[in-house]
Amino acid sequence: MSSHSSSKPLKLVPTMASLQSSFLLPSSSCSSRRTIAPAAIHDPKLPNLRISVPTLPNTSTPSLNVIEQLCLNQPINVQSPFTSHLHHILDAVADRVEMHNDLHLQRDNWNSLLLNSINMITLTASAMAAAAPAVGALGAPLLGLKLSSTLLFSAATGMLVVVNKIQPSQLAEEQRSAARLFKQLQSQIETLITVGAPTQRDVDSAMEKVLALDKAYPLPLLGGMLEKFPKTLEPASWWPNSSHSYESKTENENAQFDGNQRQDSNGWSDELEAEMREVVEVIKTKDAQDYARLGNLVLKVHKSLAISGPLLTGIAALGSAFVGDWSSGGMVVAAAAGSLAAAVNALEHGGQIGMVFEMYRSVAGLLWLMEESVRGTLEETDWEKRENGEVFERKVALKLGRSLAQLRQLASKSTAARTEGICVDEFASKLF
């Protein structure tokens, strides 16, 4: 036991005094001893430096958006100062689309309602005039039937004069065409705002197109209505005025080249120019002339029907005033003229002859616009300032309802026909 106890290591427990002396702390019990104060530790004094940070400019929200787009690798949309002008024009165009659509529906309703009303009045008056002799044979007075029939025929005559003057079906077609053209302009402006950098020239061009459409298809019914019965068919013109006129234009598409072959540039070549000139020649000699001929034919039929309707109802009104017994010819005249007037009215307004004439006028205007578009492009001698030739060729082909191969084939046929001194036997357009 003693051996084991002697082998254990001794644990030295430090006293409080030893700790105080080791750390050189003064002891309260030994006041006479000399105390050693701990050394004071001071931080080194650094020089007072003032660093001036440059003040960043107060950036606006668009600049912050540009930075965010750069950080996110997004395309930067830098708006042209003329974009706001185009937005205002775009709002006006959208408003006009709605107005022309509303007027189209209204005037189409006029056509159907007035057609049915006038025919009902005319047929009722004809039936009364035809029944008058039978009523007279029974001994009943004829004054009531004669007066009613005459008044109804007179009312139908007055209504037909007004309806044939304004031509509701033609008015509806005008507003339909205006709405379609304003939608095209709306799409063009939207595309320009989205993918392009508009300039002052773009703003002025858009404004001129809006005003030209307003003039071509007026909204008011009285005072600004288009002439419904012109002497000859005049193509509709809904684009800004140019230096060319429809009646007297000098054709430059037959101009010969100077013999200097130019290098292909901007999609253009001498072969493509010759192809466009031949296409314009076919449009002018075939399509435009054919539509002018058919349009004038429809115009003649239109005038004849517009005059015949009121004339027949007027004759029926006079005949109904002399309705008497079976031997009287007034009954025959009134019944026959009234029935014919109803048939003429149904053919004119039910068949919408005015709408057909307006359709020919619009198509003739479209062909004229294509002629001017191609001619104006070819008159620009600097190929770099033109629209890309391949894109322009495709646009012309689409407007004519042809493929590129068919368009080139048409130009080849036209060239061969001109060489032989004959006219090509094919129309340029396959759409209308």
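Aromatic pairs first: this predicted model has 4 of them. One of these pairs is Trp238 with Trp239, an edge-to-face arrangement with 5.3 Å between centres and 85° between planes. Both of those tryptophans are buried. Then there's Trp268 with Phe392, where the planes sit at 40° and the centres 5.8 Å apart, so this pair is tilted.

**Around Trp268**

- Trp268 has a relative accessible area of 0%, which makes it buried.
- Phe392 counts as buried too, because its relative accessible area is 4% and the cut-off is under 20%.
- Trp268 also has a charge over its ring: the charged end of Arg386 sits 4.7 Å from the ring centre.

**Other rings worth a look**

- Over at Phe427, Lys286 lies over the face of the ring, at 4.8 Å from its centre.

**How H6 packs on H7**

- Which way do helix H6 (residues 168–195) and H7 run relative to each other, parallel or antiparallel? Their axes cross at roughly 170°, and angles over 145 degrees count as roughly antiparallel, so H6 is roughly antiparallel to H7.
- The two axes come within 11 Å of each other.
- On the H6 side, the contact is built from Leu181, Phe182, Leu185, Gln188, Ile189 and Leu192.
- H7 answers with Asp202, Ala206, Lys209, Val210, Leu213 and Asp214.
- Sorted by type, the contact residues come out as 8 nonpolar, 1 polar and 3 charged.

**The whole chain**

- What does the secondary structure consist of? The protein has 12 helices and 0 strands, and the pattern along the sequence reads α-α-α-α-α-α-α-α-α-α-α-α.
- The protein has 432 residues, and 37% of them count as buried.
- If you look at contacts with a sequence separation of 6 or more, 82% of them join residues 24 or more positions apart.

Conventions:
Residues numbered from 1 in each chain as written. Predicted model: local features only at pLDDT ≥ 70, side-chain atom pairs only at ≥ 80, totals over all residues. Heavy atoms only, no water. Phe/Tyr/Trp six-rings, centres within 6.5 Å; stacked < 30°, edge-to-face > 60°. Buried < 20%, exposed > 50% of the residue type's maximum accessible area, 1.4 Å probe, protein only. Lys NZ or Arg CZ within 6 Å of the ring centre and 35° of its normal. Axes fitted to C-alpha atoms, helices over the stretch in contact; angles between N-to-C directions. Helix = DSSP H or I, 4+ residues; strand = E, 2+ residues; numbered from the N terminus. Parallel < 35°, antiparallel > 145°, perpendicular 65-115°, else oblique. Contact = heavy atoms within 4.5 Å. Nonpolar A, V, L, I, M, F, W, Y, C, P; charged D, E, K, R; others polar.
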